[in-house]
Amino acid sequence: MRAVVLRTPGQPARIEEVALSAPRDGELLVRIEAAGVCHSDYHYMTGDLTAPLPLVLGHEGAGIVEQVGDGGSGRVQVGDRVALLWRPRCGRCAACIAGNPVLCELGPVQAQSGGLPDGTSRLAQADGGELHHLMGVSCFAERVVVNENAAVVVPDGVPPEVAAIAACAVITGVGAVFHEVTEAAGRPLLVVGAGGVGLSSVMAAALVGAHPIVVADIDPAKLELARELGATHTVDVRQEDLVERVLALTGGAGVPWAIEAIGRAQTLEQSLACVAPGGTLIAVGLGAADAGFSVPLNQLVQRQKRVVGSLYGSSNPHLDLPRIFGLYLAGRLPIDRLLGDRLPLTEFEEAYRRLTSGAVGRGILVP
Ligand SMILES: [Zn+2]
Ligand SMILES: [Zn+2]
């Protein structure tokens, strides 16, 4: 089958013919129908984030189950449409038992091995050489083999491209609001960064009744979309000072919650400055592996500000994705508004060129 293979960070990834072996016990073979063009893959392409190489890119995918390995739970059947998850879930470790499978102890095994949660790969190069998965998924390919715990069945009526982005960008942004924000109705919320994740937070903030909803970005077109999705105020940070504007909008108090969906030191520091005493900065953007930002002790201690990280929307994906699909089907979470250009898999380079040049809407690759 054909897949997008990354061999050396900084060098272009290429479409290659690769081999995919059959699903083992508790695994699924899935034919990919749609894959999201997410910034996280770009971090691996540039080398900001590292993983065992060579690997097949893509972690935001949805497709149809074509084969079910032996020894599965029976929860997923041939012919089911599924959305793919990029965090493993063993169901037995302390994090899984506590209902926080995003921190499952198999996460580091999957990441460090470049394999599936058991640490082995179903991928191989055409000449038999080793080839790794990315985040247990690798969906910039015609097919994938994944652990069945990495698949959530998609209900009828949810298109594959919506399912694909729901399982990464959307659950990350929506989950940050559902799980890290409490009693937001009628209280202000700030979202910094209006990409797929940030706009998902905007939709969720509107759903739970946050008001006002302030959104900051450098791109007027993204801010326009943010307004359509529920932002009451937008800040073009190329024209205005974010902190001044947010303090002015909130009578000098600041916001109880700021969601930073970019992953840059400067915007994290500005976001923290926008948070009211006792409020919370929720960091969801990924940066380079060694990136950090500075937190003024005075704000942390004397203003009792909180800084929390939220991976995968602090969600429990097997519970939260069906919830998100239900809200989409009810018209309460217009995920399709986030969709951008649709391109064939062979044009993945063009898709990333558009992403990095600020295209509005989530690109979708179709094998
Ligand atoms: Zn993603
Ligand atoms: Zn676990």
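Two residues are in contact when their C-beta atoms, placed from the backbone, lie within 7 Å. Keep that in mind for a walk through this predicted model, in which local features need pLDDT of at least 70, side-chain atom pairs count only at pLDDT 80 or more, and totals for chains, interfaces and linings use all residues. Residues are numbered from 1 along each chain as its sequence is written, and chains are lettered from A and ligands numbered from 1 in the order in which they are written.

**The core**

Leaving aside neighbours within four places in sequence, Val56 is in contact with several residues, among them Ala3, Val18, Leu123, His133 and Phe140. Val56 also belongs to the largest nonpolar core, which has 116 residues; there Val56, Ala83, Leu84, Phe140, Ala166, Ala167 and Val202 touch the most other members. A nonpolar core is a set of buried Ala, Val, Leu, Ile, Met, Phe, Trp, Tyr and Cys residues joined through C-beta atoms within 7 Å. Buried means that 20 or more other C-beta atoms lie within 10 Å of a residue's own, exposed means 12 or fewer, and partly exposed lies in between, with C-beta atoms placed from the backbone.

Helix H4 (residues 160-180) gives this core its largest share, 14 residues. Domain 1 (2-153 + 334-366) and domain 2 (173-311) both contribute, so the core lies between them; the domain bounds come from an automatic or database domain assignment.

**H4 against H10**

H4 and helix H10 (residues 317-329) pack at about 105 degrees, with their axes 10 Å apart. Axes are lines fitted to C-alpha atoms, for helices over the stretch in contact, and angles run from 0 to 180 degrees between N-to-C directions. Residues making this contact include Ala166 and Ala167 of H4 and Leu321 and Phe325 of H10.

**Strands**

Helices (H or I, at least four residues) and strands (E, at least two) are DSSP runs, numbered from the N terminus. Two strands pair if DSSP finds at least two bridges between them. Six strands form an open, parallel sheet in the order E12-E11-E10-E13-E14-E15. Strands E12 (233-236) and E15 (306-309) stand at the edges with a single partner strand each, so one side of each has no neighbour in the sheet.

Elsewhere, strand E17 (residues 362-366) has four of its five residues buried. Some strand pairings are listed here.

| Strands | Sense | Bridges |
|---|---|---|
| E10 (residues 189-192) and E13 (residues 255-260) | parallel | four bridges |
| E3 (residues 27-36) and E17 | antiparallel | two bridges |
| E16 (residues 339-344) and E17 | parallel | four bridges |

Within these pairs, Val191 partners Ile259 in E13, Gly36 stands opposite Ile364 in E17, and Pro344 has Val366 as its bridge partner in E17.
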